[in-house]
Amino acid sequence: MDCGQCAEEMLDMISRMNSIPSVQAWRFIYATHGETAVLKFLAAHGGEASPGDISRILGRTNSRIANTLSSLEEKQCIVRVHDAGDRRRVTVRITAHGRKVVQRRRQEILGVLTRIMNALGQADANEYMRINARIFEILSSNSIYAADTRPQQGSAEGKKEAKNG
């Protein structure tokens, strides 16, 4: 099977995996965006940040972050502190309860991952980790993007190429 066929099979497998109820539950637990992502971000960045920084770094709209922060505030996972000198400036701080939520989610994730690794067996688990490390290395180097130097559709260069092509 060539690399293109492997990519097709991988995409199909991801789609099939996402339809498995236990995987859907896993995605909820892991939650790479929404409330869990905001709490993880705050916990990992000194416990506080501005709403704008959270939005920018997590790649979410300001309105989505505002809604998420309101929900987290109702659940007493965060507090918003207004700057004494400029009441328009707000800092979001994770609470002790919010830190407990992050730790509980981490333990849930570790439990699921441990069960998956045990089901794979030591040799396959090590191979899986080796491959993931290699994928991380490739993505970190951006080398996969250098291979595709064609102008993006809709860009000025792409329109120029289409007109002249």
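Predicted model: local features only at pLDDT ≥ 70, side-chain atom pairs only at ≥ 80, totals over all residues.
1. Residues are numbered from 1 along each chain as its sequence is written, and side-chain values use heavy atoms, with hydrogens and water left out.

2. On the overall layout: the protein chain has nine helices and three strands. Those are DSSP runs numbered from the N terminus (helices are H or I with at least four residues, strands are E with at least two). Following the sequence, the pattern reads α-α-α-β-α-α-β-β-α-α-α-α.

3. Have a look at Ala-49, which sits in strand S1 (residues 48-49). Ala-49 counts as buried because its relative accessibility is 11%.

4. Next, the surface. Leu-110, Leu-113, Ile-116, Leu-120, Tyr-128 and Met-129 make up a nonpolar patch with about 500 Å² of accessible area together. Patch residues have over 30% relative accessible area and no salt bridge; like charges are joined within 9 Å, and nonpolar side chains (Val, Leu, Ile, Met, Phe, Trp, Tyr) within 5 Å. A salt bridge here is a side-chain nitrogen of Lys or Arg within 4 Å of a carboxyl oxygen of Asp or Glu. Areas come from the Shrake-Rupley method with a 1.4 Å probe, and for residues only the protein chains shown count as cover.

5. Where does the patch come from? Helices H6 (96-120) and H7 (122-141) each give at least two residues, and H6 has the largest share with four. Met-129 belongs to H7 and is partly exposed, at 46% relative accessible area.

6. Finally, the second largest pocket holds about 250 Å³ of space. Its lining includes Met-10, Ile-14, Leu-120 and Tyr-128. H7 brings the largest share of that lining, six residues, and helix H1 (3-18) also supplies at least two. (A pocket is an open set of points on a 1 Å grid over the protein atoms alone where a 1.4 Å probe fits, with protein on both sides within 12 Å along at least five of seven lines; lining residues have an atom within 4 Å of a point.)

Conventions. Buried < 20%, exposed > 50% of the residue type's maximum accessible area, 1.4 Å probe, protein only. Points joined across faces, edges and corners; volume = space filled by probe spheres on them.
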